[in-house]
Every structure is written in C-alpha cells, then in structure tokens.
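Have a look at it first, and then we'll go through it topic by topic.

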Amino acid sequence: MDHTDFLAHAEIIELDRPHPKTDQTQALLYARNLTRTLEPRSPLALALAQWADEYRASLSLPGGGANFAPLTPGRPLTQAAWQRLCAALTRAAARAAGAGPDFVDQWGQALAPLLGLDPTDLAILGLALRYRHNALPVMALVDRIATAGGARADVTRHPPTLSRLLDVPADAIAARLRAASPLPASGLLRIDLDHSLNPLPILRTLTRGTPPDADPIDQLLAPPRPPSLAWAAFAHLGEAADIAASLLRAALAGREPAIHILLHGPVGTGKTSFAATLAAHVGADLRPVAEQDEDGNDPSRNDRLSGLRLAQRLAPPGRSVLLFDEAEDLFAPRDREDEYSHRGSRAYLHRLLEGGNTPVIWTANDIGAFGPAVLRRMTLCLELKIPALPVRAALWHSLAAAEGVALPLPAARSLAKLYPAAPALAATALRATRLAGGNAATAETILRGLTHAVTGHTQVPDPAPPIAFDPALINADADIPALLARLAAADAPRAVSLLLSGPPGTGKSALARHIAEAMGLDILACRASDLLSPYIGGTEANIAHAFATARADNLFLLLDEADSFLFDRATASRVWEISQVNELLTAIAHHTGPVAVTTNLPDRLDHAALRRFLVKLRLTYLTPPQSRRAWQGFFKSQPPAALDALPTLTAADFAQTHRAAALTDANDSWRLERLRAESEGRVGGERRMGF
C-alpha cells in the first residue's frame, strides 16, 4: 500500500469514528461551503488556501502534507492545487458533519420555536457566536474571506461574505438581517451602525459550555428578584402605591402593551426595593434586565437594550414584570459610544417604549436625563421620597422586630429623627445589626456609615442641650400645650403660618422644631445666609425654591432670622429689597404647608408680614419658677435663692453654662456667677449695646 492509499484508508477509518463538534470542526464546514462557490483563481480561493495551510495541523486536514497555496507571493492557485484543497476540505468536513451538535447548535434548536427563528437565522447567529467566542480558525477564516472580498475584517452585515460562508443566497441573508426580522428584533443579535454582528452577551456565555435546560428562559433571563420589604413598608407612598398596583394587575390580566412605570427619586429612597415589593404584591415575577455582561462586568447600553428586547419576548406573559434599573444609562445625553449604536436614534427608543406586552418598571435617580418625549410615553411616573418622621419611627420599630434586633420604640424614634433614611436603607442597617449581634447603638453606627456612603454627607447629632427639649422652659404669651394639641390633631389644617419672636436664646427655633415633631413632619430649616443672594433675583429664587421643596416633600419649613429679609418695605432704598419681601409674603400667603418664621426684632418686620401669620407667639425670658426648673434639669442640684434675682435668663444660658462647667472645676457658686454674667445688661427683652 503506497502513501496515498494509506492516507485514504486512514481517512475512511476516521470517518467512522464519532467526534465531538467544536468551533474548529465547524470552521471546516464553513470552509467546505466556500469551495462550492469560489472561483479557483480568485483572491478568495487563494485566501482560503492560505488559511488551510496555516491551520492544517490543528484542523487535521488531509492531503499528503503539501502546501495548498503557492509559495510564490501573488500567484493564484493552480487547478490541481484547487482540486486538492477542495478534496481535503470535503473529506474533513464530512468527518466534522458526523459530530453531534455543539452548544451553539443546541441553543439554536431551543430558541428557534420560542422566537420564530428559521434555519437561516440560526446559521447567521451560529457564525456570529463562534466568531465572538474568539475561536481562532473561525475568526481567521471569516477575516481572510471578508478582506479578500472587499469587506472589513470582522463578522459583519455583509451578505456576500455571509452567503459564501453559510452557503445561503445573499438576498436571503439580507432579508434575515433587516431590523424587523425575528433575529435582530429578538435582541439575540445586535447589528451596530458599523454593521458588526454582536450576539447577546449572556448567549455568548452560555454557548461556550452550558447546554440549554428543558425551559431555557430562566437561563437567558435574570432570575426573579424576591422582595426584601413588605408592602406595609411603603405605606408612606399612600394612594400612589395602590394606583401602581392596580395598573400592574390590569396590565398583566389583559396583557396590555406598552405599560411603563417610572420610579424616580434620590439615591437610597428604595426605588428598586419598591419595584420588587410591587411586583410581588400583584403576584408577578420581577426580572431585572441585563445587569451584567458575559464577564460579570457592567453591560454596555447597547447590551442592555438587546437584553430588554429579548426579555420582552421571552418573559412568561401575564406573570412577569421587567426591571430596568438605573435607566439614566439608556436615556443620558448622547456621547461617542452612540457613533456605532442604534441608541443614537430617538425614534428607535420611542418605538421600543411603544411595543412589548410585558410591563416594565424603570428606576432613575435623575429624572432630568429623560426628555419630554420619553416621559410622555410612561404610563405612570412615581416619585419616591423619604417617609415622614412618624412613619420612619414605626418602620424602624417593625423592621427591627422582624430582624430580631432589640430596638425599643423610643430608640426607634430617636434614629428616625436623626437619620431620615428610606425603608431600604433602614432594612440594610438592621440586617447588619442582627448579623453583628448588636443593639440600637450598633444600628446607629451602621446607619451613619450608610448615610454618608449614599448621600455623601456625614449625619451627626445636632448640638443639643444635655437634656431633652423641655416645653416647660418656654415662656410665651400663649398656651403652648394647647397649641401643640391642636396642631397635632389628625384633622388639623396644614396650611399654618407661625411667627415666633423674642430675644435670642428664648427657644424660638427649638419650639418650632418641637411643633414640627408634634405634627409628625421633618423640618426644612433655612437661615438668612441660605436664602440671601448677591445676585439680582437670586434671593427671590431661593425663597421660591425653599417653599416649593417644603411643599413637594411635605416638610415643616422653618425660616430663621427672618428680620434679615422681611424688613419694613417703607425703609427700603432699592427695588430688589422690596422685591424679596414681596416674594416672601406671597409665598407665605399661598403656602399649603406649615411654615414658622423666627425673629429677634419683630418691630422691624414689614407691617404687612405681621398680618400674614395665623399664629403669633412672643417668647421672653424665663420666669423664676422656670429658672429653678432649668437649674435642676441642667445642674442636678437645688437652685440657690439668688437665682430669682436674675429675671432675664434663657434656657440657652443654662445650656451654655452647663457646657462651660465641663471644662473647669465648677460648683454652684461658679454656675450662679456665670448666669449672672449672661443676664447682666439685659433690660426687658433687649440687651444694652455699647462700647
């Protein structure tokens, strides 16, 4: 038997042996297809021969070992060399064709009935996947044939190249790559503006080594996200949450198309947590969309778009809701990434929002990234805010009980007051507290770090007096307990304006905060320095913004040091001075929530301003019984008789003396002299000034 007969006999034996199909063997099938269409003396045939020579060993190509391509550069293939190449590739491809389907083929067979893909779709998708697997024989073959045929070296939307490799007519290739055809429309294959073909990242990962399950949907889509909080945790959203739930139920039951819910608000307000709770509340699975690429890293915006299109087609209808988190990534202003992206077309995004039978929940921290054309296509826009103080306190208490953390209700109120945290942040802190085996102090330490990480600000306690605020130390010309009871009533009006005047230190700001707490509201405190602007119109804009913020976030607005910008217009010498007073008076008159204004100099206020306030409280110095109560509360000793001789003391004087005493060996005599020094020079409601 000569060498040629022995080689032929060995090849017959090899054909009878089963071989697992690989990207290398698939490359032989693509090469065999090329031999059916290429002219022997064409540059394409020469490129094929050079490829076969380069990968001959790894592909186990038969043919006697002689080169297929001529050794002299630039010379075309001879007819004999071409026949020898075709024979070698045909025999090798026959061996490859006997192998069972690889993972790419298996996934194609699983997806075809789900997405309406035909054999040409699967052939195109298979070639793109094997190329993106970085399978060198396949990549090299595609690149050589593409460049020899006048195309770029990449697997692209170039029908002639794909037609030769797949042995499918070019017009059939072009038809299957149109945007509305099943393969691109499904999101499995993205065609970028540079015409490159990019399969969905998760499919690239799966086809590298994971077979499809009986139900491959859960492999392609992210697993459903379970809720971490109960529906009651979002009671502060009120009717808006119920509307969102009703909308989703109706959309799922009727399989309504183009249902989109946008949840927006600051970082940490629990948008994603609410999305999971909302889906569970209506009995649906919440499936996140394309949150990582094939390597577990951040996906590109194009990959997220493809993932959304696929999820809209594969998610089980009637019981699935999609979650597109951090939606700003998609709708942010255009950048260089869009040069090769369908995302550069606003019409494309609008069509995407107008299609799909699976409801989508979008979350965003910055609604400014969305244009009006996108927002009007949202079925419901819901802003998530920090819950009010009473809701936060009750939430802290219930979440702590669920985690098994000892957090008494007073401690829960204290945390809620100090840290205006969203439900999701509170739940995270209490879970960490449980794992650390901690208590309320542990929860506060954890929450302080979380708050700083989320907001960028370090939340620390306000410099409060050593004892809690004591309303009994307020000397006002009104019945404070009765006023608090009326304002805290469930049916009490919210559009309440209060003017708190009196000497410094008499507790005006502290009383305003106490009123806000009694009403169950967080406070928005603005001093003159926060509102006054050196630019014309700036102060008016700051005032309008403060009132708008308080109104939108249901806050108790406190304007400290109002005499700095609410002075008598009769004394004004500039137009802008009158303008800022007008702005503030108008804002107070039309405000729908509570607002308190404090001043040390009520006589200098504009006379029209005094008429705008529903409640006017004049605070003054402590009475002798109040001074004795303050002494006992701060110093824990019996007050001296001489204390009654100091008629112009304030609670702030006692707080300051208490702090100063910690720096020296103080006794009651020292404390009394310190208070006498604080009181000295005050007459009635004023302190004498001089040099």
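Let's start with a charge and a ring: the charged end of arginine 671 sits over the ring of phenylalanine 635, 5.3 Å from its centre. That label applies if NZ of Lys or CZ of Arg is within 6 Å of the ring centre and within 35 degrees of the ring normal. Keep in mind that this is a predicted model, where local features need pLDDT of at least 70 and side-chain atom pairs count only at pLDDT 80 or more, while totals for chains, interfaces and linings use all residues. Residues are numbered from 1 along each chain as its sequence is written, and side-chain values use heavy atoms, with hydrogens and water left out.

**Rings and charges**

- Another charge over a ring is arginine 304, which lies over the face of phenylalanine 324 at 4.1 Å from the ring centre.
- There are seven aromatic pairs, where rings of Phe, Tyr and Trp (its six-membered ring) pair if their centres lie within 6.5 Å, and planes under 30 degrees apart count as stacked, over 60 as edge-to-face and the rest as tilted.
- Tryptophan 631 and phenylalanine 635 make an edge-to-face pair, because their ring centres are 4.8 Å apart and their planes are at 90 degrees.
- Both of these residues lie in helix α30 (residues 624–635), four residues apart, or about one turn of the helix; helices (H or I, at least four residues) and strands (E, at least two) are DSSP runs, numbered from the N terminus.
- Tryptophan 631 is buried at 0% relative accessibility, and phenylalanine 635 is buried at 8%; buried means under 20% relative accessible area, exposed over 50%, and partly exposed in between (1.4 Å probe, protein chains only).
- Phenylalanine 634 and phenylalanine 654 are stacked, 6.3 Å centre to centre with 25 degrees between the planes.
- That pair links distant parts of the chain, with phenylalanine 634 in helix α30 and phenylalanine 654 in helix α31 (residues 651–661), 20 residues apart.
- Put together, Trp631, Phe634, Phe635 and Phe654 form one aromatic cluster.

**Nonpolar cores**

- The largest nonpolar core has 88 residues, and Leu48, Trp51 and Trp362 have the most contacts inside it; such a core is a set of buried Ala, Val, Leu, Ile, Met, Phe, Trp, Tyr and Cys residues joined through side-chain atoms within 4.5 Å.
- Helix α3 (residues 43–54) gives the most to this core, with eight residues.
- Apart from it lies another core of 45 residues, including Phe234 and Trp396.
- In soluble globular proteins, nonpolar side chains tend to be buried together.

**Threonine 277**

- You'll find threonine 277 in helix α15 (residues 271–281), and it counts as buried at 3% relative accessibility.
- A polar atom of its side chain lies 2.8 Å from the backbone oxygen of leucine 229.

- Most residues other than glycine have a negative phi.
- Glutamate 326 has a positive phi, near 50 degrees, and lies in the loop between β5 (320–324) and α17 (328–331).
- Lysine 636 also isn't a glycine, yet its phi is positive at about 55 degrees; lysine 636 lies in the loop between α30 and α31 and is exposed at 65%.

**Cysteines**

- The structure holds zero disulfides, meaning pairs of cysteine sulfur atoms within 2.5 Å.
- Cysteine 86 is buried at 16% relative accessibility, whereas cysteine 381 is partly exposed at 38%.

Terms used:
Polar contact = N/O pair within 3.5 Å; in protein donor to acceptor, adjacent residues only side chain to side chain.
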